[in-house]
Amino acid sequence: MDSKQFREAAISSIDDIVKYYDTIEERRVVSNVEPGYLRKLLPEEAPQNGEAWADIQKDLEAKIVPGLTHWQSPNFLAWFPSSSSFPAMLGEMYSTAFTGAAFNWICSPAVTELETIVLDWLAKAFGLPSCYLSTGPTGGGGVIHGTASEAIATVLVAARDKYLREATSHIADEEEREDAVAIRRSKLVALGSAATHSATKKAAQIAGVRFRTVPVHAEDGYRMTGAELRRVYLELRAKGLEPFYLTATLGTTDTCAVDDMEGIASVLAELAPPGPGEVWVHVDAAYAGASLICPEYQHLAGSFDRFHSYNTNLHKWLLVNFDCSAVWVRDRRHLTDALSVSLAILRNQHTDSGLVTDYRDWQIPFGRRFRSLKVWFVVRSYGIEGLRAHIRKHIGLAEKFADLVKTRPELFEIVTGPRFALTVFKMAGKGGSTLENQNVLTKKVYDAVVEEGRIFLSSTVVGGVFAIRHNPAARLVEEHHVKKHFEVLAEAADKVLAEA
């Protein structure tokens, strides 16, 4: 494909993409193909000779699109959103055109420097403490990872190495110190609440350490409390284990609960004060962290200067296309101490001067993409006020949905929310209905709605309650869509109750 052919193909592709978005509401949200459908449609071997772009493009619509779930549909309400916007798409297009591994500053200075700048912009826009700025007092700063799971694995590894390095710093002999590290490592425990995303458990497995959960309770709104953390911490210590890391969550996956940040900070300041032996606290705000761009939510970051790291996925709720997880650390040295590997081939005068950032030392992968370009495009296109309006719109839509749910108390009960545009609800059941019966009815309604395919939601189980999650945070959702969502759910609920 030469430049002329590329221009023609690109124009045709953009026309296709625009048409896709303009008509996305007409498509069934969830693909209903059978497993293995695509193997039946594609040849068993790759083509020996190149094919015309027009033929490839036809196959995209005929064979690939039927197997897609349409996350940008206004009727996609499951899990959390995966943002999309046209400025971000343009950023991706330019990024792929400028493609390079960008592991060092010298690989493309603009790739590194733009990332540092836009993450400082966002840290200020989110109201994060100054310790997370690249110019802040503690040597902190931001970096873009692919996902929150990658971010958690990265900071957990940094926390592990920091803890072990400090615990064995008094041992002069290298071999003796290695033996001591191996022994201490077998006792390390990473913590998260029972509502923490599974990413923390996976990160613990990757890092070769234990994982334990802190229970959460309905009466506390399913958030981790300082009191429960204290109990679990002391129990582990009594067994000779050493908690070294904790994921605190701003917006849990099931219910968007916010852990008791002040309580957590106070308990750890007492039991594991700053310095050797401290517990690294990472705040996972993968979805709900986007709300901090609105001043009315910035009080939630009040304790973050007492923690070590923070992340939010710009690709969930802030109009930056997947993947783009923004991570901030209070002291970047802990990342580079754990992850820096120097090779002769990587040496250059700029790196050796210590005056530039080499983001390869802030992450587990070596190479990296030019993700900051799409962030820059989005922030400049929408402005901070435009991004605030985007968040507030969805919060308002969720409140509208919750109000509709409350109009049918004979059908539904709200379990939690609306919180950060998420409402979790269940079937009320008939008079005197048991929880078991309510769970059965709720699951029947959920299954019926998903099978019908007009809207797509996800379910969860919290405190033994089977519940449905409604999260109208896709960019294209409007109020009339929310009314339709409720009508679909109420229709299914009426039918299930009539048959019960």
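Let's start with the open sheet of four strands, ordered 8-9-11-10 with antiparallel pairing; strands here are DSSP E runs of at least two residues, helices are H or I runs of at least four, and both are numbered from the N terminus. Two strands count as paired if DSSP finds at least two bridges between them. Strand 8 (412-419) and strand 10 (458-462) are the edge strands, each pairing on one side only. From one strand to the next, the twist averages 30°, with axes fitted as lines to C-alpha atoms, for helices over the stretch in contact, and angles running from 0 to 180 degrees between N-to-C directions.

A quick word on what we are looking at: this is a predicted model, where local features need pLDDT of at least 70 and side-chain atom pairs count only at pLDDT 80 or more, while totals for chains, interfaces and linings use all residues. Residues are numbered from 1 along each chain as its sequence is written, and side-chain values use heavy atoms, with hydrogens and water left out.

Back to strand 8: five bridges join it to strand 9 (residues 422-427), antiparallel, and Glu413 stands opposite Lys426 in strand 9. Helix 15 (residues 435-452) packs on this sheet, touching strand 8, strand 9, strand 10 and strand 11, and its direction makes about 35° with that of strand 11; contact means heavy atoms within 4.5 Å. Helix 14 (residues 372-406) lies across strand 8, strand 9 and strand 11 (465-470), running at about 165° to strand 8.

Now the other sheet, also open: seven strands in the order 1-7-6-5-4-2-3, with mixed pairing. Strand 1 (141-145) and strand 3 (210-214) stand at the edges with a single partner strand each, so one side of each has no neighbour in the sheet. Neighbouring strands are turned by 20° against each other on average, direction ignored. Strand 2 (residues 188-193) pairs with strand 3 in the parallel sense over five bridges, and Ala190 stands opposite Phe211 in strand 3. Helix 8 (residues 199-207) packs on this sheet, touching strand 2, strand 3 and strand 4 (242-249), with its direction at about 160° to that of strand 3.

Confidence is highest in strand 5 (residues 280-284), at 98, and lowest in helix 13 (residues 349-353), at a mean of 56. Where pLDDT is low, the predicted coordinates should not be read in detail.

How values were computed:
pLDDT is the predictor's confidence in each residue, from 0 to 100.
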